Amino acid sequence: MKPLVLALCLPLLSLSTATLAQTPVAVAPSAFDALAARADRYLPGNINSLITDLDVRARFTSDGKSVVYRLGAKGQGRLMLADPVTATGRELATEAALTPLLVAQGAKIDGVADMRPVDFDPAKGTLRLSAAGREWTLDTASGKVTAVEPAPKVAGVVSPDGKSRVIARNYDLWLVDTATGRETPLTSDGNYDRRYGQNYPMLGAMAAANSETPEMSVSAQWTGDSKRLLTYRLDRNGSYIWHAVQQNPPGSRFPREFSYVYPTAGAKDIPQLHPVVIDIEATRAQKPALSLPDVPAQSLLWPGDPLLYWDEAGHIIYEWQARGYSEIALYEADPETGKAQVRVREALKPNVAVTSSALRNAPEWGGYLAISERSDWAQLYLIKRGEDPNSGKAITRGNWEVLTIEHITKDGPALITGIGREAGVNPYFKSLYRVTMDGRISNLTPEPLDHEVKVSDDGQWFIDRMSSPTVPTRTLLRRTSDGQIVLELGKADPSALLATGFTPPEPFETLADDGKTKLYGMIHRPAYFNPSKTYPVIENVYTGPTTHRFGESYEDNMIAGTNALAQFGAIVVTIDGRGTSQRGRAFRSSAWQNLGEVGLDDHIWVLKAMKAKYAYFDLDRVGVYGGSAGGYDTARFILRRPEFYKVGVASSGNHDLRLDKAWWPEVNMGNADDATWERNSNMSVAAHLKGKLMLIHGDIDDNVPVVASLRLSDALIKAGKPHELVILPNTNHAVMQPYYWRKLSGYFYENLISKAE
């Protein structure tokens with residue numbers, strides 16, 4: 001789960017509201033509507049246009065030799081090309097000149113088009129760009145614009161030699177001869193409970209297609225010689241079949257029901273994935289062609305394909321994790337015999353953290369790389385081919401975290417990203433490092449800022465979006481050999497935004513109650529802020545151990561929906577307490593099987609520290625809101641600390657973790673017993689409600705089913721606790737839309753902001 005970002009989307013058709021005691025939003029139109037108009041100006045989709053060159057959309061061209069990017073304010077864009085070798089940039093076209101050419105080709109554009117450069121072909125001198133909902137090519141010599149026709153859709157996966165493709169039908173796989181169309185079955189025992197090369201469709205896809213069998217892609221990988229196919233078999237394994245009703249489907253007077261498989265946290269039985277190898281030549285000769293590599297089945301924790309691929313030597317690489325994340329392993333299997341060996345194993349107690357662990361085949365270094373917390377910090381290890389899979393050489397060391405492996409050079413350095421290594425720098429700021437096999441490391445981004453990077457395919461250059469919550473983004477082209485800045489591509493200019501009276505966000509830090517652990521937060525104030533007044537405080541919350549809430553970059557904070565909500569007359573904050581990720585194992589450990597309580601008192605501690613610094617924080621009027629795991633947090637904050645948090649809006653919340661997909665809860669709960677699951681459920685503390693609580697959920701949410709909010713509402717009703725329940729028709733996990741925005745802002749305005757002290 002990821003924190004939901006407040007955004008403006010298309011409106012829904014209708015609303016269904018169920019409460020024990022209805023509390024409609026009743027505010028003075030003149031006051032609320034005036035504030036709403038100002039708030040809308042600062043919604044993410046609108047505020048972005050007030051900051052020139054916040055994101056110049058820089059990307060390496062397909063040949064890896066250049067960078068395309070865009071400069072200029074909205075409607076005044078210039079499409080550019082940079083050459084890293086000569087350290088120069090030149091203009092290819094302007095949006096003003098291209099717009100009439102696009103209109104002449106049938107593009108529907110009102111005003112000047114907003115364009116995104118995609119690629120540049122130096123041999124042909126053509127720029128590929130996207131505008132008006134499709135892609136185009138511009139011949140920079142002649143000025144001719146041509147629409148790019150979408151490639152014909154081909155069912156299945158085509159072999160490298162183009163002679164065959166594999167398709168799925170009725171849960172089996174078939175081989176189709178390209179020249180003749182002849183079909184040969186590759187499997188023959190497929191059924192609903194045993195399917196090949198395809199996962200279970202999600203509820204949202206079913207609703208969109210009005211079918212329980214929507215069109216789905218085939219997951220299969222050919223060998224380079226087109227002789228073998230790597231795929232998987234998926235067995236339902238007795239897992240529960242869910243049922244959902246779409247009450248108000250578009251184009252129908254009557255509800256629709258869908259049955260679907262949704263692996264559920266804590267369930268005894270969930271689907272199992274089995275890697276499968278198919279010998280194509282044996283199949284054509286009608287000989288036995290199916291073999292299962294000698295590896296354990298993979299529990300399906302979320303409808304997605306397994307990490308399964310061919311390596312450079314034609315062997316199978318398969319990443320497996322134990323249920324409850326007590327262990328992960330990288331297998332290498334022989335496609336001829338099906339025999340497999342464990343090449344890397346991570347087994348930590350109480351769990352292997354998914355955000356601080358990764359396994360990778362690394363033939364460039366003669367083995368495998370692991371990002372592991374075996375030292376209590378995520379560090380990089382090299383396990384040579386044939387070595388003990390539980391061993392490995394530490395390439396990096398220290399009390400900081402390696403995040404990603406960006407590039408590896410054969411027998412040369414690797415490029416990795418990490419956080420928390422540099423003394424005196426915010427521990428959430430990312431850097432790019434160059435590290436050698438013997439552990440020598442250099443920081444390619446020494447500026448004490450956050451660095452979001454893209455490395456070229458050849459590993460020679462990288463694009464660096466460098467910023468902090470208070471320092472505008474600079475987009476740079478740099479060299480990976482030494483981090484040298486080759487060319488500045490653009491720099492964010494917020495002057496148009498600041499001219500509106502906008503108050504920039506402020507980062508905040510304080511020590512936790514142990515006197516040594518730093519806790520971080522962000523403060524968002526209204527435009528034309530008046531420090532002589534007092535302001536209620538609203539926290540936008542997301543405490544999940546798979547992420548952190550602090551926004552490191554300038555963009556994260558400037559286009560956050562928290563700015564819009566502040567315009568109604570509140571201070572809106574985000575806080576990271578202990579239990580979140582990427583600050584080391586000890587910082588996160590309090591979250592293990594303790595999601596119901598983790599972080600609560602740290603958040604209150606930070607709010608009180610903010611109050612101690614800024615007297616205008618009114619901690620007698622504190623609200624909280626969030627979505628997904630943040631919806632769960634919102635309800636638990638107001639239910640478990642009812643004396644402090646007075647008003648909450650919880651959207652798409654997984655209020656009982658046993659009603660959520662298996663992946664997210666089991667990452668943090670492992671194989672918990674029933675008492676532990678119950679202790680972490682919001683339903684178990686429903687009777688504690690004292691303040692105002694609104695629950696919002698989409699009726700076809702296929703990430704967290706709507707039953708989670710319905711069950712919490714039922715528990716509140718049984719406890720005699722007034723609340724509001726808003727069910728949004730034909731809405732999935734992302735509930736953001738104008739109606740949601742008005743409900744959320746109106747609820748806080750009526751119950752928190754407009755209340756006297």
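Trainee: Which residue stands opposite Ile419 in β31?
Mentor: This is a predicted model, in which local features need pLDDT of at least 70 and side-chain atom pairs pLDDT 80 or more, while totals for chains, interfaces and linings use all residues. Residues are numbered from 1 along each chain as its sequence is written, and side-chain values use heavy atoms, without hydrogens and water. Strands are DSSP runs of E with at least two residues, helices are runs of H or I with at least four, and both are numbered from the N terminus. Strand β30 (residues 401–408) is joined to β31 by six bridges in an antiparallel arrangement, and the residue opposite Ile419 is Glu401.

Trainee: Which residue in the turn between β30 and β31 has a positive phi?
Mentor: The two strands make a hairpin, with five residues between them. In that turn, a phi of about 55° belongs to Asp411.

Trainee: In β32, which residue is the bridge partner of Ala414?
Mentor: Two strands count as paired if DSSP finds at least two bridges between them. Strand β32 (residues 430–435) runs antiparallel to β31 and is joined to it by six bridges. The partner of Ala414 is Val435.

Trainee: How many residues of strand β31 are buried?
Mentor: Buried means under 20% relative accessible area, exposed means over 50%, and partly exposed lies in between (1.4 Å probe, protein chains only). In a regular strand the side chains alternate between the two faces of the sheet. On one side of β31 Ala414, Ile416 and Gly418 are buried, and on the other Leu415, Thr417 and Ile419 are buried. For strand β31 (residues 414–419) the count is therefore six of six.

Trainee: How many salt bridges does a search of the whole structure find?
Mentor: Side chains of opposite charge can pair when their charged atoms come close. A salt bridge here is a side-chain nitrogen of Lys or Arg within 4 Å of a carboxyl oxygen of Asp or Glu. Some are linked in a network, as with Arg57, Arg70, Glu95 and Asp114. The search finds 50.

Trainee: How many residues apart in sequence are the parts tied together by Arg465 and Glu555?
Mentor: The two side chains form a salt bridge of 2.9 Å, N to O. Arg465 lies in strand β35 (residues 461–467) and Glu555 in helix α7 (residues 554–558), so the bridge ties together parts whose separation in sequence is 90 residues.

Trainee: Is Arg343 buried or exposed?
Mentor: Arg343 forms a salt bridge with Glu332, with the closest N and O atoms 3.3 Å apart. Glu332 has a relative accessible area of 8% and is buried. Arg343 has 13% relative accessibility, so it counts as buried.

Trainee: Which side chain of opposite charge is nearest to Asp119?
Mentor: Lys and Arg count as positive and Asp and Glu as negative, while His and the chain ends are not counted. Asp119, in strand β6 (residues 116–121), is buried but has no salt bridge. At 6.6 Å, the nearest such side chain is Arg128.

Trainee: With which side chain does Asp119 make a polar contact?
Mentor: A polar contact is a pair of N or O atoms within 3.5 Å; within protein, one must be able to donate a hydrogen and the other to accept it, and residues adjacent in sequence count only if both atoms are side-chain atoms. For the side chain of Asp119, the distance is 2.7 Å and the partner is Ser62.
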